[in-house]
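Dear colleague,

Please find below the structure that I am handing over to you. My findings follow directly after it.

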Amino acid sequence: MKNKLLWWIRVPALFFLIFGLMEYFIDSGKQPAIIAYPITQFFMVLVLIILIAIELILSSIENVMFQTLSEEAKERYLVSKAEKWEWKWGKETYKKMLGSKPMEAETEIILDHNYDGIRELDNKLPPWWVYLFYASIVFAIVYLLRFHVFNDYTQITEYEQEVATAKLEIEEYKKTAKDLVDEDSVELLAESSDLSAGKKIFESNCVACHMVDGGGGIGPNLTDQNWILGGGIKNVFHTISEGGRDGKGMIAWKQTLKPLEIAQVASYVLTEINGKTPANPKAAEGDIWVDPNASAPAPATEIQEQVTDSTSVVMN
Ligand code: HEC
């Protein structure tokens, strides 16, 4: 096998190929793997050293083999090595696709007429052009039948399908990238790993003002159903990330906590703290918060109850 490429092309090409593959296969989130995992820097240095070592070994093997050749064989080897590498197949196809006659054969296709010395060659249409033209005719027939005769689908359905798949993809993406939550997309987290992470965050940041059990101190009671700044995961997330009213002492935690951490601590407050009975409850502040989404089905049951009540009244 002849070595077609020079070493100074081969080594960087392989190096960047391996680098690219590594970046492709290592899932390192937003950062490139080479920064996220410093060990990969070491790996790439190793790859470089190995590539150079392989080159050195190959060239010294070639050298040794060369020395063992007879004089005549040496010469043949050098000649074959010096032969320029040509991409014969590519060149020939290129020529064929152009379909032009060589200069020497132009007398065969020259036309009789002569306008003030300007003469015309009867060249054939270049095959690449002809094939494209035929292909466009076939395409046009298929297109016409498919979209104007059989009405396969319209641009509008195509658009709607794409939007629908894109929405699904966004949902999938959001699931994998929990850290992307904001107060619009945040949902109450129920996984115990998230809640225990939330508990840790609460105990190291919040207990000074809200107490371990959420009973309240400098900050309000978090166990009751009264909220100054609104209950429910979205409001609580907003309060924690943006802080309370000015001068009250509740800072904006978005400087210190990541969005996912805020979601975790908010979920912890709502599931593990809210609704429990604290040792020293602070008096309720704010209004009782009713979830606007959860309240929707409630009236229906109430009405049903009233109906049964009224029937029982009639029975009496
Ligand atoms: C320096 C004391 C302090 C710390 C620390 C603190 N808070 Fe607060 N927190 C407050 C005060 C004061 C308020 C009331 C704000 C207002 O009235 O606007 C409050 C309000 C809240 C509310 C809204 C309560 C309501 O009734 O609407 C939530 C939820 C809350 N804090 C959660 C947390 C969480 C979670 C942490 C830890 C990451 C934390 N707080 C850390 C002082 C604190």
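Predicted model: local features only at pLDDT ≥ 70, side-chain atom pairs only at ≥ 80, totals over all residues.

Residues are numbered from 1 along each chain as its sequence is written.

The ligand is surrounded by 25 residues (C-beta atom, placed from the backbone, within 6 Å of it). The closest are Cys 206, Cys 209, Gly 219, Gly 244 and Met 250. Helices H8 (192–205), H9 (207–210), H10 (232–242) and H11 (259–273) each supply at least two residues of this shell; helices are DSSP runs of H or I with at least four residues, numbered from the N terminus.

In H11, eleven of the 15 residues are buried (20 or more other C-beta atoms, placed from the backbone, within 10 Å of the residue's own). Among them are Ile 262, Ala 263 and Leu 270. The buried residues of H11 pack against H8 and H10, contact being C-beta atoms, placed from the backbone, within 7 Å. After H11 comes Gly 275, with a positive phi near 95 degrees.

The axes of H8 and H11 come within 7 Å and cross at roughly 95 degrees; axes are lines fitted to C-alpha atoms over the stretch in contact, with angles from 0 to 180 degrees between N-to-C directions. The two helices are therefore roughly perpendicular (65 to 115 degrees). On the H8 side, the contact includes Asp 194 and Phe 202, and on the H11 side Gln 264 and Tyr 268.

Yours sincerely

Notes
Buried ≥ 20, exposed ≤ 12 C-beta atoms within 10 Å, placed from the backbone. Contact = placed C-beta atoms within 7 Å. Parallel < 35°, antiparallel > 145°, perpendicular 65-115°, else oblique.
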